[in-house]
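Morning, everyone. I'll take a few minutes on one model, starting with its charged pairs and then moving to its strands.

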Amino acid sequence: MGVFTFEDEINSPVAPATLYKALDSFKSVENVEGNGGPGTIKKITFLEDGETKFVLHKIESIDEANLGYSYSVVGGAALPDTAEKITFDSKLVAGPNGGSAGKLTVKYETKGDAEPNQDELKTGKAKADALFKAIEAYLLAHPDYN
């Protein structure tokens, strides 16, 4: 098994606590196993290119006090055949002008000697960035979100 780690940072004009709450408020989430804390497996169903797809997220840790969240993709559309799991460790911190800086570390654990497909990584990052920006746009349009 190979392990590949990537780091990324994104900035937002939205305050960290507001962004943290919004990023964890998906409406199409079902707990498959667990009570919502670490170890819980969530099934997130979504529509992509006219198809209904899902992804299984396993919560690794939640740190509300420090706006940190860690989960692993363990099944579904976002887990390539070459991967055992993909773990995302995220943290939001104060950014410029009352905004946020989102810090993300991605640990990609492969099956056997496989390496991550660079095109799949780029596509996944683009989708995650688009989702982040959509949530950010919603929060900016609804400043009373709580």
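A salt bridge here is a side-chain nitrogen of Lys or Arg within 4 Å of a carboxyl oxygen of Asp or Glu. By that rule, Glu136 and Lys133 form one, at 3.3 Å from N to O. Keep in mind that this is a predicted model.

Both residues sit in helix H2, three residues apart, or about one turn of the helix. Is Glu136 buried or exposed? Glu136 is buried, at 8% relative accessibility, while Lys133 is partly exposed at 36%.

Helix H2, residues 118–141, holds another pair: Lys125 and Asp129 are four residues apart, about one helical turn. Their salt bridge is 2.8 Å, N to O. Lys125 is partly exposed at 39%, and so is Asp129, at 25%.

In total, the structure has four salt bridges. Another of them joins Glu60 and Lys85, at 4.0 Å. That one links distant parts of the chain, with Glu60 in strand S4 and Lys85 in strand S6, 25 residues apart.

Now the strands. S6, residues 83–94, pairs antiparallel with S5, residues 68–76, over six bridges. Gly68 stands opposite Lys91 of S6, and a hairpin of six residues connects S5 to S6. S6 also runs antiparallel to S7, residues 100–110, with eleven bridges. There, Ile86 has Tyr108 as its bridge partner. The S6–S7 hairpin has five residues between the strands, and Asn97 in that hairpin has a positive phi near 55 degrees.

Last, confidence. The chain's average pLDDT is 86, and 95% of the residues score at least 70. Confidence is highest in S5, at a mean of 95, and lowest in helix H1, at 76.

Methods
Residues numbered from 1 in each chain as written. Predicted model: local features only at pLDDT ≥ 70, side-chain atom pairs only at ≥ 80, totals over all residues. Heavy atoms only, no water. Pairing = 2+ DSSP bridges. Helix = DSSP H or I, 4+ residues; strand = E, 2+ residues; numbered from the N terminus. pLDDT = per-residue confidence, 0-100. Buried < 20%, exposed > 50% of the residue type's maximum accessible area, 1.4 Å probe, protein only.
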